[in-house]
Amino acid sequence: MRLVVASGKGGTGKTTVATSLALVAGDAVRFLDCDVEAPNAALFLAPKLETRKEVGIQLPVVDEALCTHCGRCAEVCEFHAIAVIGKKTLIFPELCHGCGSCTLICPEKAISERLDVMGVLEGGFTSEGIDFAQGVMNVGEPMAVPILRELKKWKPMSLRAALSGAVFSEVEGRRSNLPGNNVASGENAPRNDIEIRDSPPGASCPVVETMRGSDFILLVTEPTPFGLHDLKQVVGITRELGIPSGVIINRDGIGNNAVETYCAETGLPVLMRIPMERRFAEGIAQGKTLIQVEPEYTRQFRHILMQIADMLARQS
Ligand code: SF4
Ligand code: SF4
């Protein structure tokens, strides 16, 4: 089960929800911090980050000695990142998406590629056994999507099979029925079968890339006019992608009922309401997760995972 926790804007409580969900899922979970411009889930989950990998895109490099300036590379580039001007073939790295089309089409084999490093992936386990990975984008990089693509498929360590400890057994029992879940069943099956992606905020390309290939999207919002405005934008993306979603209302009690009304009218289930309480804000500011501040939420977050598993099982 691949679950994205998203919100239309930053500071809504997305990481608060994602990290507590990861802790209740225990050692069955893989956690991806996809907020590559400002990853902060590690502050709460405290993984031991032992593995590191540089990532980026393959930039074309033209060998002018081989190039005949035929212009076919410039014709195939839909991003206008390569141009032939007279006897010069120019690359514009800031426009290049590293798709490789120019390299493939060049009849003279005049184009080679080099890795343009855009950031790093870091991975490791938390003391609870959570398989944690995050992307960290270099300052000033214009594109987060290539880093996210690499993060989603990165498996730095073998999955730990048959871990001990508390596992979300109800969900585990249903995993073979979940869409997109091909894990084997049985005693020695990998337990790393819930993936939680902490999305970047907003409604732009990195958010779409984070959601792509997921099974369910949890949308964290707050009951204010701004919260509703941003929620609508991100709901639009989930519907374009055809991925089911549900809502968690954070800071419940402030604002008005417009978010609840919108959810009721559009058939979006409200799966949880987290009240506005000063002790929550203080605990989170100290690096504590919500379930560490209020253990009562453990049961509620487990219930959310059960509800999502049920919804997905009904759809399959
Ligand atoms: S396709 Fe190859 S030969 Fe033609 S202009 Fe581009 S680099 Fe030069
Ligand atoms: S790799 Fe793709 S985006 Fe970059 S210059 Fe070549 S065709 Fe254009």
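How do strand β1 and strand β8 pair, and over how many bridges? They run parallel, with four bridges between residues 2-6 of β1 and residues 194-198 of β8. Val4 has Arg197 of β8 as its bridge partner. Strands here are DSSP E runs of at least two residues, helices are H or I runs of at least four, and both are numbered from the N terminus. Strands count as paired if DSSP finds at least two bridges between them.

A word on the source. This is a predicted model: local features need pLDDT of at least 70, side-chain atom pairs pLDDT 80 or more, while totals for chains, interfaces and linings use all residues. Residues are numbered from 1 along each chain as its sequence is written, and chains are lettered from A and ligands numbered from 1 in the order written.

Now the whole sheet. It is open and mixed, nine strands in the order β3-β6-β7-β2-β8-β1-β9-β10-β11. β3 (48-62) and β11 (270-275) are the edges; each has a single partner strand, so one side of each lacks a neighbour in the sheet.

Next, helix α1, residues 14-25. α1 packs on the sheet, touching β1, β2, β8, β9 and β10. Contact means C-beta atoms, placed from the backbone, within 7 Å. In α1, 12 of 12 residues are buried, that is, with 20 or more other C-beta atoms within 10 Å of their own, C-beta atoms being placed from the backbone. Lys14 is among them.

Last, ligand 2. Of the 13 residues around ligand 2, Cys77, Ala81, Cys96, Cys99 and Cys102 come nearest; the shell takes residues whose C-beta atom, placed from the backbone, lies within 6 Å.

Conventions
Two residues are in contact if their C-beta atoms, placed from the backbone, lie within 7 Å. Axes are lines fitted to C-alpha atoms, for helices over the stretch in contact, and angles run from 0 to 180 degrees between N-to-C directions.
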